[in-house]
Structure formats: C-alpha cells, structure tokens
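Have the structure open while you read.

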Amino acid sequence: MLTQRQLFLQHNAQTSPEPLMLEFVRAKGVYIYDSSDKKHLDLIAGIGVSNVGHCHPAVVKAIQQQAETYMHLMVYGEYIQAPQVNFAKALADILPESLSCTYFLNSGTEAVEGAMKLAKRYTGRQGFIACKNAYHGSTHGAESLMESDFYSSGYGPFLPNVSFIEHNNIADLKKITTDIAAVFIEPIQGEAGIRVADVAYMQALRAKCDETKTLLIFDEIQSGFGRSGKMFAFEHYNITPDVLLLAKGIGGGMPIGAFISSLQIMSVLSHTPILGHMTTFGGHPVCCAAGLATLRTLIDDKIVDEVEEKGQLFKQLLIHPAIKEIRGKGLMLAVAFENFEINKKIIDACILDGVLSDWFLHCSNSMRIAPPLIITKTEIEDACAIILKNINLVVEKKDQSKKTVA
Ligand SMILES: Cc1ncc(COP(=O)(O)O)c(C=O)c1O
C-alpha cells in the first residue's frame with residue numbers, strides 16, 4: 001500500500017520541488033501533533049492564520065453549530081444570512097465609522113482583487129501603486145501589484161498601469177498622482193521579512209492620498225486580528241485607510257477574506273453594472289460563524305493586550321552573536337541571520353527539535369516568528385531555548401568546518 005507521503009506526491013499538485021513534507025495528524029492550541037504523537041510548537045501559525053490557536057473550542061463549537069444549521073444557501077449577496085450579517089456588524093463595531101461595510105470572499109488574494117475593482121469603479125481611474133517587495137497573493141491582479149519577478153516569472157503578462165514605490169520612503173510618495181486609483185500597502189510588510197513602516201511615513205502617505213483623492217488600501221491580511229499587538233496594524237499610525245483587506249487570521253482556521261470600506265464607497269459595486277463582482281462561496285456561513293467566534297475570543301479573552309509583551313519577550317530572549325537583527329511588532333517577528341544557508345540549517349534543526357518555523361518569500365536570511373497569539377510565556381521560553389541551542393549547534397559546526405578548511 002502506498003504511504004500518505006507517496007500519495008501526496010502522486011496526487012496533490014506541488015508548489016515546489018522540495019515541500020516540507022511534515023505529516024501531522026491533529027492540532028490543538030499552539031501545538032501540532034505527528035503520527036507518533038510527538039508535539040511540535042507552531043511558531044508560524046500556518047503563516048499567520050491560527051491567531052487564537054488551533055481548534056479553539058469556541059471556534060470549533062461555532063463551526064459545528066452553523067454546519068448543523070445551514071451551510072451554503074446561495075451566492076454571496078442575495079439572501080440575508082445571519083452569520084455574514086453578525087460578523088460584518090461585529091467588525092463594524094470595532095472599526096472606525098468609515099470602515100463599516102464588508103464584502104466577504106474566500107481568501108486574501110480575492111480581497112485584493114475585489115479592492116482593485118472597487119478602486120477602479122469608485123475613482124474612474126486605472127493606475128495602481130504598490131510597494132517593492134510586497135506580497136499580495138497569487139492571482140493575476142494581486143501578482144500585478146508585486147514587482148518581484150522571481151515568483152511570477154513565466155506567468156505574465158500582468159496588469160499594466162502599476163508603478164512601484166519603496167516601502168517607508170517619503171520621497172517616493174511623489175509618484176502618487178491624480179491618475180492613481182489606489183495605493184496598496186502592507187503597513188507591516190510580511191513576506192519582505194517584517195518591515196514596519198514609520199509613523200511619519202504612513203501619515204505622509206495618508207496626506208498624499210487625500211491630496212490626490214487616491215484610495216489608500218491597507219493589506220492587513222497578515223497583520224490584522226491582533227498579530228501586531230493592536231487589533232489592526234493601522235491603529236499604530238493614528239490614520240485610517242479607505243479600504244482594509246483582511247483574511248488569514250480572521251477565520252480562526254477557516255478560509256475567509258474580506259475587503260472593508262464605507263457604505264458610500266462600497267455602493268458602486270451594486271450598480272452599472274449590477275452583479276459586477278460576485279462570488280459563490282464568499283462569506284460562507286460556516287466561515288463567518290468561525291470568524292465571529294474568533295473575534296469574540298480575541299476580545300473576551302483580552303488576547304491582543306498581551307501580544308506586544310510576548311513579542312518583547314522573544315526579543316529579550318533571542319540574543320546571540322549570530323542573530324543580526326530582530327524586526328517586527330507584537331508577534332509578527334523576523335530573526336535575521338547572516339545568510340539563507342545558516343537560517344535554513346537553524347530552521348531545519350528546530351523542526352527536528354519540535355519547533356516549527358520557516359523563512360520569508362522575499363527575505364530568505366530571516367526566520368519567521370508568528371505563533372498563535374495565545375502562546376504562553378513558558379512556551380516562548382521553551383521555544384527560544386530550542387532556537388538558541390540550535391543556533392549554537394549550527395554556528396559551532398560552521399566554525400569547525402572553517403577550521404578544517406584552514
Ligand atoms: C500580506 C498578504 N496579502 C495577501 C496574501 C494572500 O492571501 P491568500 O494566500 O489567502 O490568498 C498574503 C498571503 O500570505 C499576505 O501575506
């Protein structure tokens with residue numbers, strides 16, 4: 001009989017020649033368990049997804065209850081479905097008034113696509129500006145917003161009329177003109193290796209978009225729902241985007257994405273033409289129920305309040321000459337080493353030791369630290385002890401091989 005491993009390689013389309021191929025059978029809280037019941041501490045939360053931990057009881061209960069009540073009834077937007085309405089209202093309750101209207105989709109990249117169409121319709125313009133080293137998703141529109149030609153090579157052409165600015169460079173903001181429908185930006189760039197924009201930059205960006213009547217669109221698909229130490233990263237900047245993009249963590253482990261704006265901006269999607277933006281499964285009742293349970297858990301358990309402190313603990317504990325820098329806010333961190341080779345060796349050794357991490361799409365010398373936000377201080381101490389132990393092992397081996405060569 002073929003093993004799961006063999007079946008995976010034969011029947012599941014692959015995204016790289018060397019998938020991690022770790023085989024897990026269940027997950028709970030901050031741990032994922034393999035078939036021998038060995039537990040692995042998840043320091044990446046499925047790439048910024050499991051903010052309230054794996055299989056949080058409140059989320060599981062909401063999923064079960066909704067699955068028993070109804071699942072798919074109709075394409076998005078036609079029927080009044082309580083889980084969609086309740087989740088949208090709960091989001092509106094914690095967001096500024098100008099972000100009170102939500103369009104639900106299934107993923108982050110779909111949120112980007114929806115927002116691109118919204119910006120074109122609302123402004124009547126066709127140009128977009130995005131940041132160098134951004135990551136916005138893998139569909140054609142989202143790929144158009146990414147300058148990096150490594151991952152997109154062979155898949156073009158992409159959309160015209162997209163220009164790129166350097167993240168956190170005030171001088172570059174002059175490229176935002178009245179031809180530009182929208183600027184897409186991650187306030188904290190994720191796949192660039194966790195690059196936090198300065199307050200002065202973000203405020204200048206807001207001012208420039210106001211001046212040119214360009215929509216300012218924040219991609220908080222990775223930074224949203226508490227990961228940066230605030231419920232939304234834009235709260236660090238004392239400004240509000242015109243459109244907010246969410247996905248990943250908002251479903252508590254279920255697939256859901258959203259773009260959120262004002263009722264006035266969103267209203268353009270409902271006419272001339274009608275049905276100009278549609279989705280069958282967007283805002284799936286089970287995913288919305290999971291999303292609402294996730295949001296309530298974050299709020300009721302005051303989970304976000306402790307995120308910054310937990311991030312600081314990682315920064316305090318991870319001190320080693322081989323660590324060049326730790327960047328980030330809250331539990332959205334990047335630990336930088338000299339190069340990819342060292343980083344990869346440390347990550348591999350940590351994985352063998354039961355601590356799961358990886359590196360970033362556009363920053364291969366840095367280790368990702370983005371655990372479920374419910375991680376405890378003891379678990380952080382355990383994780384850091386294992387990381388430091390493996391840094392020492394990797395660095396010692398490197399020094400030994402240098403001596404042998406000499
Ligand atoms: C900032 C950001 N935007 C968009 C996306 C795309 O989201 P999805 O993979 O759900 O399409 C990602 C995914 O990593 C992301 O990090």
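Let's begin with the ligand: one of its oxygen atoms sits 3.1 Å from an N or O atom in the side chain of K248. That is a polar contact, meaning a pair of N or O atoms within 3.5 Å; within protein, one atom must be able to donate a hydrogen and the other to accept it, and residues adjacent in sequence count only if both atoms are side-chain atoms. Before going further, note that this is a predicted model, where local features need pLDDT of at least 70, side-chain atom pairs count only at pLDDT 80 or more, and totals for chains, interfaces and linings use all residues. Residues are numbered from 1 along each chain as its sequence is written, and side-chain values use heavy atoms, with hydrogens and water left out.

Here are ligand contacts of this kind side by side.

| Residue | Part of the residue | Distance to a ligand oxygen |
|---|---|---|
| T109 | polar backbone atom | 2.8 Å |
| Q222 | side-chain N or O atom | 2.7 Å |
| K248 | side-chain N or O atom | 3.1 Å |

Which residues surround the ligand? They are S107, G108, T109, Y135, H136, G137, E186, D219, I221, Q222 and K248, where a residue counts as near if one of its heavy atoms lies within 4 Å of the molecule.

Now zoom out. The protein splits into domain 1 (4-55 + 303-405) and domain 2 (57-300), with bounds that come from an automatic or database domain assignment. Their centres, taken over C-alpha atoms, are 27 Å apart. At the interface, 29 residues of domain 1 are in contact with 33 residues of domain 2, contact being heavy atoms within 4.5 Å.

Together the two domains bury about 2700 Å², with 63% of that on carbon and sulfur atoms. Buried area here is the accessible area (1.4 Å probe) that two parts lose on being put together, summed over both. M332, L361 and H362 supply 29% of the area that domain 1 buries against domain 2, more than any other three residues.

What about polar links across the interface? There are 14 residue pairs in polar contact between the domains, both residues at pLDDT 80 or more. On the domain 1 side, α2 (45-48), α10 (307-317), β13 (325-329), β14 (332-336) and β17 (363-369) each supply at least two residues that touch domain 2. Helices (H or I, at least four residues) and strands (E, at least two) are DSSP runs, numbered from the N terminus.

The rule also finds one salt bridge across this interface, out of 14 in a search of the whole structure. A salt bridge is a side-chain nitrogen of Lys or Arg within 4 Å of a carboxyl oxygen of Asp or Glu. R368 and E191 form such a pair at 2.9 Å, N to O. D37 and R26 make another, at 3.0 Å; D37 is in the loop between β2 (31-34) and β3 (39-42), while R26 is in strand β1 (residues 24-28), 11 residues away.

Finally, some backbone details. A cis peptide bond joins G156 and P157, with omega about 0°, and P157 is in the loop between α6 (140-144) and β6 (162-165). T272 and P273 are also joined by a cis peptide bond, with omega about 5°. I47, found in helix α2, has a positive phi of about 60° although it is not a glycine.
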